[in-house]
Structures are given as C-alpha cells and as structure tokens.
Amino acid sequence: MSNNVRNGANILGSHIDALSWEDTINTICGWARNRESRYVTLCNVHSVVTALLEDDHRNDLNAADMATSDGMPVTWTLRKLGFPEQQRINGPDLMWKYCEKAAKVGHKVFFYGSTDTVLSLLEIKLRTTFPELQIVGMYSPPFRELTAAEDDEVVERLNASEANVVFIGLGCPRQERWMFQHRGKINAVMIGVGAAFNYHAGTTKRAPLWMQNAGLEWLHRLAADPKRLWRRYFVTNSIFILAITAQLLGIKKFQD
C-alpha cells in the first residue's frame with residue numbers, strides 16, 4: 001500500500017482504507033522496518049462523526065498514511081460501498097497482533113499516553129505474554145498541552161529510543177492531532193490505539209466478542225460509564241445513522 005494507491009471509500013468525508021489484517025500488519029511492518037515517519041488512525045463512529053463536524057479532525061484523518069475501520073458500523077459501511085470482505089481493524093487487536101509480530105522480527109516499541117499505573121500494568125502483561133518483545137520506553141504525558149521545550153524533549157526521547165513503532169493512547173481526537181503534528185519529527189510509525197492500553201492492562205474490561213461482532217461494543221462501554229459517555233454515544237450514533245443513510249441513498253455527498 002502507498003499514499004498513491006489506496007483501496008477504500010469516503011465515509012462522511014473521511015477516507016477509510018479497505019484492508020485485510022494481513023495487509024495492515026505487513027504494511028506497518030514494512031514502514032517500521034525502515035523507521036519511516038508515518039501515522040495510522042483507527043476510525044470508529046465517534047472518530048468519523050467528529051471528523052464530519054470538525055475540519056481539523058477530518059484533515060488529521062485524511063492526512064494519515066493509513067485509516068482503518070475500527071468499529072463495526074464503519075466496517076459495515078465499507079462493505080456496502082464495495083468491499084464485502086472488509087474486516088474490522090480495531091485498536092486493541094492491532095496493538096496485540098503487532099506486538100506479537102514485533103517480538104518475532106525484533107522491532108522495538110514505545111508506548112505514549114494513559115497513566116503511569118496503566119503503563120506499569122501494561123508492561124507486565126506484555127513482558128509476560130511476549131518475553132522477546134523489545135519495549136524501549138513508556139511515557140505518560142501531562143494532561144495538558146506541552147510547552148515547546150517539553151515537546152522537543154519528547155521527540156528527542158522517542159527518537160533516541162530507536163523505536164520502530166510508537167503506540168499513542170491519548171484518545172480521539174487528541175491522539176490524531178498529536179500524530180499529525182509529529183509526522184516528520186518522529187522517526188517511527190505512530191499508531192493511535194485509544195483505550196487499548198487500558199484493555200490490555202486490565203483496568204477496563206472489554207466487551208464480549210459477540211457484542212464486538214454485533215456492533216454493540218459501544219453499549220458495553222456506555223453501561224460501564226454512562227455519566228461520561230451517554231452524550232458521546234447517543235448523539236454521535238444518531239448523527240452517524242442519519243448522515244450515513246443520506247450518503248448511501250445518494251441524498252447527500254460528503255467530500256473528503
């Protein structure tokens with residue numbers, strides 16, 4: 001895959017790539033082998049609707065080197081738009097599959113985001129599962145904009161680690177903006193994986209597989225934290241249903 005030849009479709013103004021798991025991992029591994037400065041976004045309903053409403057986020061998604069269908073509604077939409085075999089390429093599974101591959105081929109990984117507690121638990125889980133995995137750094141940044149000097153230190157630290165891949169766990173849309181701003185500065189593939197750190201650390205319980213496959217993972221998360229997530233899911237899900245129906249029926253065309 002390259003920036004010039006990318007299979008996929010416009011979903012509410014954002015380009016989403018049509019990729020198999022094999023294509024996804026192999027492409028990332030190829031970039032990572034050469035420590036190319038690239039970034040990968042994983043796009044669920046929340047991300048796509050945020051992009052529909054906010055120009056900056058839409059720009060961040062469309063500027064990405066790879067944008068996958070993280071979320072069954074987005075995956076179902078890709079299938080409707082001409083890619084019937086499309087699989088869901090989600091953050092937690094992508095991080096796990098890549099770490100498994102990295103342990104075999106000797107790639108180095110860095111984890112940026114979340115909290116020190118989550119990172120410590122995540123490190124234990126990864127080292128236990130993949131003893132050969134080269135974890136070259138973990139960093140929990142302050143929950144605020146970094147100063148220019150602090151940001152320079154982060155870039156220097158990441159590059160000095162010689163990481164092939166940097167997993168970013170800042171949440172949407174913050175992580176996409178961060179990756180957009182740091183492409184060309186960080187000599188590694190950056191992958192925004194959202195809550196994957198928490199899932200694999202065991203601090204957040206993931207939905208059962210049947211709920212994931214049925215497109216109901218959002219309901220599981222809502223039940224676990226309704227006060228924080230009710231607006232995000234009810235509002236964004238409603239907007240997505242209305243907007244994607246209009247797109248599929250040809251009532252409205254969204255430009256990417």
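Contact here means heavy atoms within 4.5 Å. With that in hand, take R183, found in the loop between α8 and β8 (189-192); helices (H or I, at least four residues) and strands (E, at least two) are DSSP runs, numbered from the N terminus. Leaving aside neighbours within four places in sequence, R183 is in contact with S37, R38, Y39, A63, A64, D65 and M190. R183 counts as partly exposed, at 29% relative accessibility; on this scale buried means under 20% relative accessible area, exposed means over 50%, and partly exposed is in between (1.4 Å probe, protein chains only). K101 sits 82 residues from R183 along the chain, and the C-alpha atoms of the two are separated by 23 Å.

A word on the model itself. It is a predicted one, where local features need pLDDT of at least 70 and side-chain atom pairs count only at pLDDT 80 or more, while totals for chains, interfaces and linings use all residues. Residues are numbered from 1 along each chain as its sequence is written, and side-chain values use heavy atoms, with hydrogens and water left out.

Now the sheet. Six strands make up an open sheet with parallel pairing, in the order β4-β3-β8-β7-β5-β6; two strands pair if DSSP finds at least two bridges between them. At the edges stand β4 (66-69) and β6 (134-139), each with a single partner strand, so one side of each is left without a neighbour in the sheet. From one strand to the next, the twist averages 20°. F111 has M138 in β6 as its bridge partner.

On to the helices. Two packed helices are described by the angle between their axes and the distance between the axes. Axes are lines fitted to C-alpha atoms, for helices over the stretch in contact, and angles run from 0 to 180 degrees between N-to-C directions.

| Helix pair | Axes come within | Crossing angle |
|---|---|---|
| α3 (residues 55-62) and α8 (residues 174-182) | 9 Å | roughly 60° |
| α2 (residues 45-53) and α3 | 5 Å | roughly 125° |

The α3 angle makes that helix oblique to α8, and α2 is likewise oblique to α3; angles under 35 degrees count as roughly parallel, over 145 as roughly antiparallel, 65 to 115 as roughly perpendicular and the rest as oblique. The crossing of α3 and α8 is left-handed, and α2 passes α3 in a left-handed crossing too. Left-handed means that the near helix is turned anticlockwise from the far one by less than a right angle, and right-handed is the clockwise case.

Who touches whom? In α3, D56, H57, N59, D60 and L61 meet E176, R177 and F180 of α8. By class, that contact of α3 with α8 has two nonpolar, two polar and four charged residues. Here Ala, Val, Leu, Ile, Met, Phe, Trp, Tyr, Cys and Pro count as nonpolar, Asp, Glu, Lys and Arg as charged, and the others, Gly among them, as polar.

Most residues other than glycine have a negative phi, and most peptide bonds are trans. L12, in the loop between β1 (8-11) and β2 (14-17), has a positive phi near 55° and is buried, with a relative accessible area of 1%. R35 has a positive phi of about 50° and is partly exposed at 25%. A cis peptide bond joins C172 and P173, with omega about 5°.
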